[in-house]
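Reader: Could you walk me through how to read this structure, feature by feature?

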Amino acid sequence: MRFKHREEQLLVRDTVRAFARTRIVPNARAWSEAGKFPLELLPELAGLGLTGLGVPADLGGAALDALTTALVMEELGAADGSVALSLGAHNSLCIGHLLIAANDEQKRRWLPPLAAGTHLGAWALTEPGSGSDASAARATATRDGDGWVLDGQKQFITNGSLAGFAVIVVRTGERELSAFGVARGMPGFSAGKPEDKMGLRASDTSSLILEHCRVSDADRIGTLGRAFDDVKRVLDRGRIGIGALSIGLGRASLETATAYAKERRQFGRAIAEFQMVGFKLARAATELDAARLLVHRAAARADAGKPFSVAASMAKLYASEAATRAADASLQVLGGYGYLRDHPIERHLRDVRLMEIGEGTSEVQRIVIARSLVRAS
Ligand SMILES: Cc1cc2nc3c(=O)[nH]c(=O)nc-3n(C[C@H](O)[C@H](O)[C@H](O)COP(=O)(O)OP(=O)(O)OC[C@H]3O[C@@H](n4cnc5c(N)ncnc54)[C@H](O)[C@@H]3O)c2cc1C
């Protein structure tokens, strides 16, 4: 049984890899330069189940476990950081929050169109004044008859200006956060202009603006005032995905550098024969493998129903930093050519840098890990 499951996981991985190599890799540079997410790709992504990775089959999803999702995220990351990040926010954050906290009626209402790729989803926690300290969010939901009125601004929201639906976390009391599902086009709900980013340029990042946006109590997700607990659980799963995505970006950089090192000749021989070049490749390969083991351990713990918060922080911390080192060393192997846009490594390096910041910075991951050590001693 377990062996059969392993075979299915590898089949999913190989299918996504083949799709990504033909439909994503050849276009990634053009999408990045256009600075636009390829919405036209959504039906194909949906056809492969990539817009409903963890959604149950009876709601139209692929019902993948955390480990298979990590395999998928690595393949997407190896193809294009932007597509991977946008799908990560859609699946792990937006859909992830619904899977964790929405009631059955809300799941039936919101999940099928998200899984079908009818529209992208977004998840809005960060604000201009609250990033790492997410509990300090200032956007509010105020009781108004039988509904709620939302006011405030969300910052840095992946898929923000494209999403048809967003989960938005706001304050409902002095020390209480609650989450609401808000559909695109609702009066008082709008997106700011997309941010002009260093990398991940085909992934939309926009602010979301709430101006007296009226929603019903049936749009409130989870227990009133307890959304911060759900947010932490959403981020734990999201961090496994960011770790896997990072490994994909590092792996793609390393593959380019290895192929180049075999071809490029200086001083009468292939540069791969120089020990200092070989050592760069060896270090990157070893660190990416270690990162993969950490990511797979966190995912396996999640699938087994074991606590995985600290394992997810370790995986995300190590994988994002190892992948940045791998992309940077790979660029160096290409010398001056690595600095040109002709090769994908400069894009991977710009893309991977975000992974040390989004879904909790490296500093925040270290705080989570250190606190767990102190608690345990
Ligand atoms: C491309 C992109 C996509 C994003 N997508 C989303 C999304 O979809 N949804 C969403 O809600 N958010 C999203 N974010 C926001 C992201 O999660 C935040 O940027 C991140 O959590 C950091 O918050 P901040 O930028 O406000 O930095 P700050 O919290 O202001 O941190 C600034 C610096 O201070 C450090 N720091 C802060 N507190 C401490 C501490 N206690 N100890 C030590 N150092 C500390 C940080 O590590 C960092 O180096 C996205 C951001 C980007 C850039």
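What follows is a dialogue that goes from the whole chain down to single residues.

Author: Happy to. Please keep in mind that this is a predicted model.

Reader: Let's begin with the overall picture. How many helices and strands does the protein chain have?

Author: The secondary structure here comes to ten helices and ten strands. The radius of gyration of the protein chain is 21 Å, close to the 21 Å that the globule rule gives for 377 residues, so the chain is as compact as a globular protein of that length. Taken along the principal axes, the C-alpha atoms fill a box of roughly 80 × 50 × 40 Å.

Reader: Among contacts between residues at least 6 apart in sequence, what percentage join residues at least 24 apart?

Author: That share is 76% in the protein chain. As for burial, 51% of the 377 residues are buried.

Reader: Which domains does the domain assignment give?

Author: The assignment gives domain 1 (2-115), domain 2 (121-227) and domain 3 (228-376). For a pair of domains, one can look at the spacing of their centres and then at the residues that touch. The C-alpha centres of domain 1 and domain 2 lie 23 Å apart. Their contact takes 23 residues from domain 1 and 19 residues from domain 2.

Reader: Which elements give two or more residues to the side of domain 1 that touches domain 2?

Author: Those are helix H1 (2-34), helix H4 (81-101) and helix H5 (104-115). H4 provides the largest share of that side, twelve residues. Sorted by class, the side of domain 1 that touches domain 2 has 14 nonpolar, eight polar and one charged residues.

Reader: Now the ligand. Which residues come nearest to it?

Author: Of the 22 residues around the ligand, Leu125, Gly131, Ser132, Thr361 and Glu363 come nearest. At least two residues of the shell come from each of H4, strand E1 (121-124), strand E3 (147-158) and helix H10 (362-376). E3 gives the most to this shell, with three residues. Domain 2 and domain 3 each supply at least three residues of the shell around the ligand.

Reader: And how do the residues of that shell divide by class?

Author: They divide into eleven nonpolar, eight polar and three charged residues.

Reader: How should I read the largest nonpolar core, and which of its residues touch the most other members?

Author: The general idea is that in soluble globular proteins, nonpolar side chains tend to be buried together. Here the largest nonpolar core has 116 residues, of which Ala166, Ile168, Val295 and Ala323 touch the most other members. Helix H6 (residues 227-263) gives the most to this core, with 15 residues. Leaving aside neighbours within four places in sequence, Ile168 is in contact with Ala124, Leu150, Lys154, Ala179, Phe180, Val182 and Leu208.

Reader: Let's turn to backbone angles. What is the phi of Asn159?

Author: A positive phi in a residue other than glycine is worth a look, and Asn159 has one, near 70°. Asn159 sits in the loop between E3 and strand E4 (165-173). Phe267 is not a glycine either, and its phi is positive at about 50°. Its place is the loop between strand E9 (265-266) and strand E10 (269-270).

Reader: Where is Gly360, and what does Gly360 touch?

Author: Gly360 lies in the loop between helix H9 (345-352) and H10. With 24 C-beta neighbours inside 10 Å, Gly360 counts as buried. Not counting residues up to four places away in sequence, Gly360 touches Leu235, Arg239 and Gln365.

Reader: And where is His343?

Author: His343 is in the loop between helix H8 (309-333) and H9. His343 has 19 other C-beta atoms within 10 Å, so His343 is partly exposed. Beyond residues up to four places away in sequence, His343 touches Thr256, Leu334, Tyr337 and Gly338.

Key:
Residues are numbered from 1 along each chain as its sequence is written. Domain bounds come from an automatic or database domain assignment. Two residues are in contact if their C-beta atoms, placed from the backbone, lie within 7 Å. Helices (H or I, at least four residues) and strands (E, at least two) are DSSP runs, numbered from the N terminus. Ala, Val, Leu, Ile, Met, Phe, Trp, Tyr, Cys and Pro count as nonpolar, Asp, Glu, Lys and Arg as charged, and the others, Gly among them, as polar. A residue is near a molecule or strand if its C-beta atom, placed from the backbone, lies within 6 Å of it. The radius of gyration is taken over C-alpha atoms; the globule rule is 2.2 Å times the number of residues to the power 0.38. A residue is buried if 20 or more other C-beta atoms lie within 10 Å of its own, exposed if 12 or fewer, and partly exposed in between; C-beta atoms are placed from the backbone. A nonpolar core is a set of buried Ala, Val, Leu, Ile, Met, Phe, Trp, Tyr and Cys residues joined through C-beta atoms within 7 Å.
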